[in-house]
Amino acid sequence: MSLLSVRDLVVKFAMRNNTVTALNKISFDLARGERIGIVGESGAGKSITGFSILNLLSKPGYIDSGSITFDGEDITQMTDPQLRDIRGNRIAMIFQDPMVTLNPVLTIGQQMVETLQAHRRLSKSDAEQIAIAKLREVYIPAPEERLAQYPHELSGGMRQRIIIAIALLLDPQLIIADEPTTALDVTIQADIMELLLELCQSNKVSLILITHDLGVVSQMTERTLVVYAGRIIEAGPTREIINDPQHPYSQGLINALPQQTPRGEKLKQIPGAMPALSAVPDGCAFNPRCSFATDTCRKTVPEVTRIDHLEVACHEVRRHHETEEVAE
Amino acid sequence: MFAYLVKRLFQAAAVMFVISLISFAIQDNLGDPLRELVGQSVSEETRDELRDELGLNDPFLVQYGRFLGNAVRGDLGTSYFFKEPALTVILKKLPATLELVAGATIIIIGLSIPLGVYTAIKPNSIMSRLIMGISIVGISVPVFLTAIGMIFLFSVELRWLPSFGRGDTVDVIGYWSTNFLTLDGWQHILLPSVALASIMLPLFIRLIRSEMMETLQSEYVRYAYAKGIAPRRIWFVHALKNTLLPVITVGGVQIGTMVAYTILTETVFQWPGMGFMFLEAVNRVDTPLIVAYLIVVGFIFVVTNTIVDLIYGLVNPTVKLSRMGA
């Protein structure tokens, strides 16, 4: 049984006059200890997917339908106390910007101890011992002294390490990392990712890494989901998606990587921009930007087709695949 | 810390200097103190002599310099009416006013935090709408009207509470006698305190509510939820502490403002404090007392603001007082 199973998840945002669909029938599975990446442009629904798993969507967003089964229980049906029991305890989340994630008026120690005490009966000093041990695991120098410090006394990289330490406090089964390094210095980004990978492997924690950085995904994850305008358009082993992407959008993303373009040439890019969620075109959401688009693409939403290890939602890929099969 | 205190002290001295200059300058526009002092029957020559004697004919700067010299030594002039040092007159009335302000402050702090937090957490509940509606009324109705209304209801109609004066007080030390040690004193101070709080309380409820709502939207509150922290702790530890930072700053200024608001409240309730005294002094053109009152109130302002800044430094870890002096 997989650790996490998301089925036909639909997330909507209630606007003043209408509702906007932010996630449209997202389905994926995550095995125990597996690391997956969710990639896509800003506004594609990556972060919303992450927050849905904790049932922590901020208003006016809400889960409209679908199920999120974590360790056999459906998160969408849980009461608040049940959710609280899971959050931070069995599923931990790492937020994007460490500069605004920690509470500025509480010490590092307070913020670590409260997390432990929210889930386990522990004395303050026992909790502090665990906190110090976890800080040591994320290579924070002089961890005993950090407990009395406030977030503003620490650098961004240091704060993100502390947030990783907080995520590990209760030995969760799953960590959701929402662009954990976008707010950090480039030089620190690699360190943080390496640390996260090392800790996930040594603690056998599953990871959902939300990012727009394909390079990071290829280093960190075993499987990748490519999200576009609220749908998963391609999913499969990371190596195959990076080396041989099938969906025209994934191909565009890979081609847009700077290392795919010879020195001196203009960088490739996908023409146009992702549609706003309130104005997603009929048919395949990618059709206005796609050079292979046909009338079918403009009319009907493509079904997911399985090609070897990959799952692709594209009419053209499907047609191509079918003719190949017939030819064989 | 020490450098900061010295810096604050200099600032306070500068502010006090300006306040003294302004309050002294307006005394020329308050009417002729001689008319109140001696009455109709005295001849013009005697009046002139008296003016000379009081130094009222000297140039402004000479008069101000003399005043400032005396003020530094703690002499703010002599009240024409009480024939006593103005400062002594005020110090006798000060405790009554400060107790009234303290009573109102207790009401404001005790009610504004729970009500502000509640209306921020449940903005759409009927209770919240009711609180916000009443608070609009509270802000809009002037203090003297609230006071008269309360006297009518609780003193005249229901006969629950006394309508004027301080009632039984207990002498504590010096000029200070307190309302807070007898039941009768508590009964007397209740209505005036509520009246005085009636303007500031709604203001604070609204301030706390809006700050709290903003804080609840912050990333660290969402993160606290993601850690599985109980809502109660998120509201009262994570959010409230951040909410109160700007509230403390505004609050200090408002306590000073309340001292000034006591003029209305004390007049309606015949409360023997310095607000009531000030109004009488204005009627009697008792200029030294008026000037002394303005300076004492200015002083209270400066002191409360300094205390508030110090408290702010204690609550907000990002402010280091030791570094603020540099």
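The legends below describe close-up views of a predicted model. Local features need pLDDT of at least 70, side-chain atom pairs count only at pLDDT 80 or more, and totals for chains, interfaces and linings use all residues. Residues are numbered from 1 along each chain as its sequence is written, chains are lettered from A in the order in which they are written, and side-chain values use heavy atoms, without hydrogens and water.

**View 1. Strand E6 of chain A (residues 91-94) is covered on both faces.** A:Ile91 and A:Met93 on one side, and A:Ala92 and A:Ile94 on the other, are all buried (under 20% relative accessible area, 1.4 Å probe, protein chains only). Strands are DSSP runs of E, at least two residues, numbered from the N terminus. E6(A) pairs in the parallel sense with strand E7 (residues 174-178) of chain A over four bridges; pairing requires at least two DSSP bridges between the strands. Opposite A:Ile91 stands A:Leu174 in E7(A).

**View 2. Strand E4 of chain A (residues 61-70) pairs with strand E1 (residues 4-14) of chain A.** The two run antiparallel over eight bridges, and A:Val6 has A:Ile68 in E4(A) as its bridge partner.

**View 3. E4(A) and E5(A) form a hairpin.** Strand E5 covers residues 73-74 of chain A and is joined to E4(A) by two bridges in the antiparallel sense. A:Thr69 stands opposite A:Asp74 in E5(A). Two residues lie between the strands, and A:Asp71 in the turn has a positive phi of about 55°.

**View 4. B:Leu61 lies in helix H4 of chain B.** Helices are DSSP runs of H or I, at least four residues. B:Leu61 is exposed, with a relative accessible area of 67%; exposed means over 50%.
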